[in-house]
Amino acid sequence: DGAGEGGTGVALQTRTKTQRPPMYKVLMLNDDYTPMEFVVHVLERFFGMSHAQAFELMLTVHKKGVAVVGVFSYEIAETKVSQVMDFARRHQHPLQCTMERE
Ligand code: TYC
C-alpha cells in the first residue's frame, strides 16, 4: 500500500468479484397422460408464451422428455413451479415441473 520508506500510505484498491444472484432453470417433464393441449395452456398461462411458442416447446418436451421453460430468480422459479403443480393437480393431470440451479 505504498507503506515503505516514508511512504504516504496510499491504499491500493481491493477488487472483489461482483456477486450475481444465482438463477434457476424451470424444467417441464414429459409423461404419458397429460393432454398436449393442457401443457400448451400451462405454458401460455404461466410463462407468457404465444400459442405457437407454447406448442413448439410442448412438442420438444414430448419428444425429448424434458425442456427448460425459463430461467428465473429463486423466488420467481419457485412460484412458477408451485403454480404449475397446483394447476395440474387441480385438473388431475400428472404433469411435473421442477427447478434446478443453473
Ligand atoms: N406426452 C403427452 C401426451 O402424449 C404430452 C405431454 C407433453 C405431457 C409435455 C407432458 O410436459 C409434457 N399426451
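Colleague: Which polar side-chain atom lies 2.9 Å from a nitrogen atom of the ligand?
Modeller: That atom belongs to His62. A polar contact here is a pair of N or O atoms within 3.5 Å; within protein, one must be able to donate a hydrogen and the other to accept it, and residues adjacent in sequence count only if both atoms are side-chain atoms.

Colleague: How much of the ligand does the protein cover?
Modeller: On its own the ligand has 350 Å² of accessible area, and the protein covers 89% of that. Such areas come from the Shrake-Rupley method with a 1.4 Å probe; for residues, only the protein chains shown count as cover.

Colleague: Before we continue, what sort of model is this?
Modeller: It is a predicted model, in which local features need pLDDT of at least 70, side-chain atom pairs count only at pLDDT 80 or more, and totals for chains, interfaces and linings use all residues. Residues are numbered from 1 along each chain as its sequence is written, and side-chain values use heavy atoms, with hydrogens and water left out.

Colleague: Which backbone atoms lie by a nitrogen atom of the ligand?
Modeller: A backbone N or O atom of Asp31 lies 2.7 Å from a nitrogen atom of the ligand. For Thr34, a polar backbone atom is 2.9 Å from a ligand nitrogen.

Colleague: And which residues are around the ligand?
Modeller: They are Met28, Leu29, Asn30, Asp31, Thr34, Met36, Val39, Met58, Val61, His62 and Leu95. A residue is taken as near a molecule if one of its heavy atoms lies within 4 Å of it.

Colleague: Which element gives the most to that shell?
Modeller: α2 does, with 3 residues. β1, α1 and α2 (51–64) each supply at least two residues. Helices (H or I, at least four residues) and strands (E, at least two) are DSSP runs, numbered from the N terminus.

Colleague: Let us return to Thr34. Where is it, and is it buried or exposed?
Modeller: Thr34 is in the loop between β1 (24–29) and α1 (36–47). Thr34 counts as buried because its relative accessibility is 11%; buried means under 20% relative accessible area, exposed over 50%, and partly exposed in between (1.4 Å probe, protein chains only).

Colleague: What does Thr34 touch?
Modeller: Not counting residues up to four places away in sequence, Thr34 touches Val39, His93, Pro94 and Leu95, where contact means heavy atoms within 4.5 Å. A polar atom of the Thr34 side chain also lies 3.2 Å from the backbone nitrogen of Leu95.

Colleague: What about Asp32, buried or exposed?
Modeller: Asp32 is found in the loop between β1 and α1. Its relative accessible area is 70%, so Asp32 is exposed.

Colleague: Finally, which residues does Glu102 contact?
Modeller: Glu102 lies in the segment after β3 (96–101). Leaving aside neighbours within four places in sequence, Glu102 is in contact with Met23, Tyr24, Lys25 and Val71. Glu102 counts as exposed, because its relative accessibility is 60%.
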